[in-house]
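Hi,

Here's the structure I promised to pass on. Have a look at it first, then read my notes below.

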Amino acid sequence: MSSLVRAASLTNYSEVARASGLDPVRMLLDAGLSPSVLREPDLMIPVESVALLLQASAAQSGNESFGLCMAEQRLLSNLGTVGMLIRDQPTLRDSLNVLMRYQTLLNGSLSLMIEEFDDVVVIREELRPGSAQLSTRQRIELALGVMLRLMRQFLGAEWQPKRVCLAHAAPRDLGAHRRLMGRTIEFEHDFNCIVCAPRDLDARNPWADPAMARYAQQMLDASARTPGAAVLDDVRRAVLLLLPSGRCTIKQVAQYLGVVCRTVQRRLAEHGQTFSSMVNDIRKELARRHVLEGERPLAEVASLLGFSAPSGLSRWFHHEFGCSAKHSRAERRRADATAEHREADVRPEHGKAGVASARK
């Protein structure tokens with residue numbers, strides 16, 4: 001079953017699409033979405049349809065920062081009832097804890113983790129792997145952009161993070177990134193994150209309204225998920241976040257969720273799964289993305305999938321896919337080269353030879 005996301009995730013889509021020279025209605029229809037979803041922010045729509053829409057919009061417009069541009073004017077009100085609860089928390093730390101708790105009500109494919117050290121806080125955001133044909137670039141930049149907008153509503157419009165890290169390669173034009181993310185941006189990092197100071201999280205919110213927060217809390221509690229479904233989704237997100245650290249054990253996941261190991265095992269069993277099968281499924285989705293779509297060295301891919309050495313990835317990949325990761329990547333490159341060659345043969349600018357070839 002596809003993960004779901006609130007239709008409010010497409011806030012500002014039409015404006016950015018038109019500014020990029022696109023017809024937003026046609027783009028939505030081509031992605032399998034009705035244009036009416038833009039008028040129904042609380043409607044839950046398939047994540048993969050949103051991913052397809054943003055990827056196609058960036059490709060057809062040539063705007064590599066399409067998702068980031070959508071985030072530039074976001075407000076807490078775009079997050080619905082969760083946004084109301086976030087807005088009236090006493091500190092940014094409390095607001096981020098609320099966001100972590102209710103993340104699945106906003107976007108079932110997005111995982112959020114906050115790690116605190118002596119002098120820095122690392123706010124990680126990762127997307128649950130899906131189709132290997134769908135790039136995560138636009139969605140993760142949209143998510144990080146929205147997070148920065150949220151933080152600035154507490155810390156002021158001029159606040160800048162210590163650093164922003166992105167797992168994908170840099171675009172040709174960094175204008176939008178520097179405008180929204182600041183000048184300390186790192187690309188091709190191991191994970192996606194915002195780095196800030198601990199004091200930022202403890203900044204007081206002078207506009208906090210406890211009465212309004214209680215009201216929003218009651219609304220959210222009334223629409224809460226069943227405990228079994230909640231744990232299942234939360235385990236998936238925890239596995240995705242903990243895999244690259246090499247400490248993705250059921251004990252660590254249970255600790256992250258604030259429950260005992262037996263609770264995790266029981267909830268997974270109720271849905272016909274085990275912890276090891278879930279970890280393996282997520283590894284396979286990540287492997288398809290990093291090996292077949294990405295260009296990272298396989299030693300790095302091994303680390304991202306939680307293996308202590310490339311040999312571990314090699315043995316596991318051969319068992320799951322019937323061939324080596326190196327061979328799979330080489331086959332993909334050959335297929336890409338063949339497709340590009342065929343495409344070049346039918347382009348009009350290649351003259352009569354290309355036209356003749358296309359007629360055959």
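This is a predicted model: local features need pLDDT of at least 70, side-chain atom pairs count only at pLDDT 80 or more; totals for chains, interfaces and linings use all residues.

Just after the helix comes Gly258, with a positive phi of about 75°.

Next, the sheet. It's an open one of five strands with mixed pairing, in the order E3-E4-E7-E5-E6. Strands E3 (110–116) and E6 (185–186) are at the edges with a single partner strand each, so one side of each has no neighbour in the sheet. E3 runs antiparallel to E4 (residues 121–127), and seven bridges join them. Helix H7 (residues 137–155) lies across E3, E4, E5 and E7, at about 145° to E4.

Now the rings: there are five aromatic pairs. In one of them, Tyr13 and Phe66 have ring centres 5.6 Å apart and planes at 50°, so that pair is tilted. Tyr13 is in helix H1 and Phe66 in helix H4, so the pair ties together parts 53 residues apart in sequence. Trp316 and Phe317 make an edge-to-face pair, at 6.5 Å centre to centre and 70° between the planes. Ring pairs also link Phe307, Trp316, Phe317 and Phe321 into a cluster. Over the face of Phe307 lies Arg283, 4.2 Å from the ring centre.

Cheers

Methods. Residues are numbered from 1 along each chain as its sequence is written. Side-chain values use heavy atoms; hydrogens and water are left out. Two strands pair if DSSP finds at least two bridges between them. Helices (H or I, at least four residues) and strands (E, at least two) are DSSP runs, numbered from the N terminus. Contact means heavy atoms within 4.5 Å. Axes are lines fitted to C-alpha atoms, for helices over the stretch in contact, and angles run from 0 to 180 degrees between N-to-C directions. Rings of Phe, Tyr and Trp (its six-membered ring) pair if their centres lie within 6.5 Å; planes under 30 degrees apart count as stacked, over 60 as edge-to-face and the rest as tilted. A charge sits over a ring if NZ of Lys or CZ of Arg is within 6 Å of the ring centre and within 35 degrees of the ring normal.
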